[in-house]
Amino acid sequence: MMLHIPDVLTKQQVAHCRQIMDAASWIDGNATSGHQSTLAKNNMQLPETAPEARQLGDIVLDALEKSPLFISAALPLKVFPPLFNRYAGGQAFGTHVDNAIRSFPNSDFRIRTDLSCTLFLAEPEDYDGGELIVEDTYGEHRAKLPAGDLVLYPSTSLHRVTPVTRGARVASFFWLQSMVRDDGQRNMLFQLDTSIQQLVQRLGNGDPQVVQLTGIYHNLLRRWADS
Ligand code: NI
């Protein structure tokens, strides 16, 4: 499942992030690639441990904690400190799969990547190309979202970023380890939670069937979650 989560950052937060990024120094994006990715990747990146990257990363993590849609869909256990990249002048990232395990430099922070996230930090009209294309068993899915919006997709999928032929595509990208490792189980929980929230709107929290379904949601989560 590929999920669009709108308005993770406000336009003011995006502008603030862009100011910090404009003043920072960038390096070759291959600093964080695995071997296969290195062959495909051509972009620029803020160094993972740069103070600017960590300041920006905290803004993103704070915003994610406040997004019920993100929490419900991802059921995050551990979120990798967000990274930041920039594509311009024809830069692209060819088809690849993300590394299964990611470690943060000079720390014992390590996760299994269940879900990959891209948070767009440039408006789509400000650049040509730069689409994220994710392949799954139902074909290709494309994302080029407004600044401040995020797309979530399974890290198991092949994906690429098409060449940026005008302007610059600026984004934050990161991975997370979900409490529910299996994509199918996680998606069912998300659909169940979404349906329960809609029923609550119609029937209220105290409706006996809502209470029962909420119980089933938690009992499935208990059965499937690592914590
Ligand atoms: Ni990737």
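How are H5 and H6 oriented to each other, roughly parallel or roughly antiparallel? In this predicted model, the axes of helix H5 (residues 183-203) and helix H6 (residues 208-224) cross at roughly 160 degrees. Angles over 145 degrees count as roughly antiparallel, and H5 and H6 are therefore roughly antiparallel to each other. Two packed helices are described by the angle between their axes and also by the distance between those axes. For H5 and H6, the axes come within 10 Å, and the crossing of H5 past H6 is left-handed.

The residues that bring this pair together can be followed along each helix. From H5, the contacts involve Gln185, Met188, Leu189, Leu192, Asp193, Ile196, Leu199, Val200 and Leu203. On the H6 side, they are met by Val210, Leu213, Thr214, Ile216, Tyr217, Leu220, Leu221 and Trp224. The loop between E16 and H5 holds Asp182. With a relative accessibility of 38%, Asp182 counts as partly exposed. Asp182 and Pro154 are 28 residues apart in sequence, and their C-alpha atoms lie 9.9 Å apart in space.

Attention now turns to helix H1. This helix covers residues 11-23, and at 1.5 Å a residue its 13 residues should span 18 Å. The C-alpha atoms at its ends are 19 Å apart, which agrees with that expectation. Val14, Cys17, Ile20 and Met21 are the buried residues of H1. Viewed down the helix axis, the buried residues of H1 fall within an arc of 125 degrees, so they line one face of the helix. The face of H1 turned away from this buried side carries Gln12, Gln19, Asp22 and Ala23, which are exposed. The cover over the buried residues of H1 includes helix H3 (51-65), strand E6 (83-88) and strand E16 (164-178).

Helix H3, one of the elements covering H1, can be examined in the same way. Its 15 residues should span 21 Å at 1.5 Å a residue, and the C-alpha atoms at its ends are 21 Å apart, in agreement. Buried in H3 are Ala53, Arg54, Leu56, Gly57, Ile59, Val60, Ala63 and Leu64.

Leu75, in the loop between helix H4 (68-74) and strand E5 (76-79), has a phi near 45 degrees, a positive value in a residue other than glycine. Asn106, in the loop between E8 and strand E9 (110-112), also has a positive phi, near 55 degrees, and is likewise a residue other than glycine.

Strand E8 (residues 101-103) contains Ser103. Ser103 is partly exposed, its relative accessible area being 44%. Which residues does Ser103 touch, not counting those up to four places away in sequence? Its contacts are Glu48, Phe80, Phe109 and Arg110. Pro81 is 22 residues from Ser103 along the chain, and the C-alpha atoms of Ser103 and Pro81 are separated by 10.0 Å.

Terms used
Residues numbered from 1 in each chain as written. Predicted model: local features only at pLDDT ≥ 70, side-chain atom pairs only at ≥ 80, totals over all residues. Heavy atoms only, no water. Helix = DSSP H or I, 4+ residues; strand = E, 2+ residues; numbered from the N terminus. Expected span 1.5 Å × (residues − 1). Buried < 20%, exposed > 50% of the residue type's maximum accessible area, 1.4 Å probe, protein only. Arc of directions from axis to C-beta. Contact = heavy atoms within 4.5 Å. Axes fitted to C-alpha atoms, helices over the stretch in contact; angles between N-to-C directions. Parallel < 35°, antiparallel > 145°, perpendicular 65-115°, else oblique. Left-handed = near helix turned anticlockwise from the far one by under 90°.
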